[in-house]
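This report goes through one structure, element by element.

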Amino acid sequence: MDCRELWLLSLASLLLVASEFGVVADDEVDPECEEETSQLMKHMLEPSNLPYTEPDVETTKATFGMGCFWGVEAVFGAQPGVIRVKAGYTGGQMKDPTYKYLGDHFEAVEIEYDSTKTDFPTLLKLFWANHDPTFLEKGKSSVVQYMSGIFYHSEEQKRLAEEDVARKKEEIDGDVLTKIQPAETFYDAEDYHQKYFLRQHKNLASSLGLTDSHFLSSSRTTRLLGYVAGYGTVESFVEEANSLGLSHEQIVYIKKAIRSRKEGSCAAKGPLH
């Protein structure tokens, strides 16, 4: 099973997981709205040279394994206080893993967040609400690629993770398989994995002049990923849009993408104006 297949499977299973965790999941996106999002992505956008400056703030790291990292990056991208997210491999002993030769590593995301605006318990809530900690790939009990994992960067993170895992074991049916390990070397995933869903908006990426370096380490691509994938609100996007160095046309485009994915309103139908 590859990342694409797992992500499609997880979309079907998360409603059940969310109900077990007491989380109200968003409505599924109507297939027609998926088509309208595709139509939106065909709009040509004028290049924008508006200035953009990376945020200069002190950050704290959090690292999670939650299955296919494409969707996991998007889950955290537009969350308040999250500065950067990147996809990669960690948790194992093999040197220099790759997607095809992962060895004993998890697919994971490394998050940099502003601790004055969010905290580790808040990120843990997103962790539990957006994956199945009982998942074990059928017939591959020794393979950890898509398993659940929390990789702590401090003793406080370790304590909070252990408390949460113990609580989840009492709350849900099935074996909670979440591993808790110290954060060690994080190997960046290949370029094409970084901000995967944002990369599909080739018109937007081209209009912003985004490169592989931006997709890996820019705060702007992290934030935009979360929004275009439907994990942020129009209201929160509008509040920070100017700081992202976006033109009016790009702002309208992203608002339409959010509405189409988040509300199932097919807002992408209309012209960009």
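In this predicted model, S218 caps the N-terminal end of helix α9, with a side-chain oxygen 3.1 Å from the backbone nitrogen of R220. Helix α9 covers residues 219-228. After α9 comes G230, which has a positive phi near 90°.

How many residues of α9 are buried? The count is 10 of the 10, so the helix is largely enclosed by the rest of the structure.

**Packing of α9 against α3**

One partner of α9 is helix α3, residues 69-77. The two axes are 7 Å apart and meet at an angle of about 100°. Angles of 65 to 115 degrees count as roughly perpendicular, and α3 and α9 are therefore roughly perpendicular to each other. On the α3 side the contact is made by E73, A74 and G77, and on the α9 side by T222, R223, L225 and G226. Sorted by class, this contact has 2 nonpolar, 3 polar and 2 charged residues.

**K195**

K195 is in the loop between β6 (187-188) and α6 (196-199). Is K195 buried or exposed? With a relative accessible area of 0%, K195 is buried. The side chain of K195 reaches the backbone oxygen of V85 at 2.6 Å. Apart from neighbours within four places in sequence, K195 is in contact with E73, V85, K86, F215, L216, T221, T222 and L225. E73, T222 and L225 are also among the residues through which α3 and α9 meet. The phi of K195 is positive, near 55°, although K195 is a residue other than glycine.

**The loop between β2 and β3**

Another non-glycine residue with a positive phi is D96, at about 50°. D96 is in the loop between β2 (82-90) and β3 (106-113). With 60% relative accessibility, D96 counts as exposed, whereas K195 is buried.

H105 is in the loop between β2 and β3 as well. The relative accessible area of H105 is 1%, so H105 is buried. The H105 side chain reaches the backbone oxygen of M94 at 2.7 Å. Leaving out residues up to four places away in sequence, H105 touches Y89, T90, G91, G92, Q93, M94, P97, V144, Q145 and Y187.

| Residue with side-chain atom | Backbone atom reached | Distance |
|---|---|---|
| S218 | nitrogen of R220 | 3.1 Å |
| K195 | oxygen of V85 | 2.6 Å |
| H105 | oxygen of M94 | 2.7 Å |

**F151 in strand β4**

F151 is in strand β4, residues 148-152. At 1% relative accessibility, F151 counts as buried. F151 and A62 are 89 residues apart in sequence, yet their C-alpha atoms are 7.3 Å apart in space. With residues up to four places away in sequence not counted, F151 touches T63, F64, G65, T90, G91, F106, Q157, Q181, P182 and A183. T90 and G91 are also touched by H105.

**The nonpolar cores**

The largest nonpolar core has 36 residues. Which residues have the most contacts inside this core? They are F64, F69, F76 and I111. At least two residues of the core come from each of β1 (60-66), α3, β2, β3, α4 (120-129) and α5 (155-171). The element that gives the most is α4, with 6 residues.

For F76, the partners beyond four places in sequence are F64, M66, V82, V85, I111, L123, L126 and F127. V85 also supplies the backbone oxygen reached by the side chain of K195.

A second, separate core has 25 residues and includes A205, Y227, V234 and L246.

**The chain as a whole**

The protein chain has 11 helices and 6 strands. Of its 273 residues, 51% count as buried. Among contacts in the chain with a separation of 6 or more, 75% are between residues 24 or more positions apart.

Terms used: Residues numbered from 1 in each chain as written. Predicted model: local features only at pLDDT ≥ 70, side-chain atom pairs only at ≥ 80, totals over all residues. Heavy atoms only, no water. Axes fitted to C-alpha atoms, helices over the stretch in contact; angles between N-to-C directions. Helix = DSSP H or I, 4+ residues; strand = E, 2+ residues; numbered from the N terminus. Parallel < 35°, antiparallel > 145°, perpendicular 65-115°, else oblique. Contact = heavy atoms within 4.5 Å. Nonpolar A, V, L, I, M, F, W, Y, C, P; charged D, E, K, R; others polar. Buried < 20%, exposed > 50% of the residue type's maximum accessible area, 1.4 Å probe, protein only. Core = buried A, V, L, I, M, F, W, Y, C linked by side-chain atoms within 4.5 Å. Polar contact = N/O pair within 3.5 Å; in protein donor to acceptor, adjacent residues only side chain to side chain.
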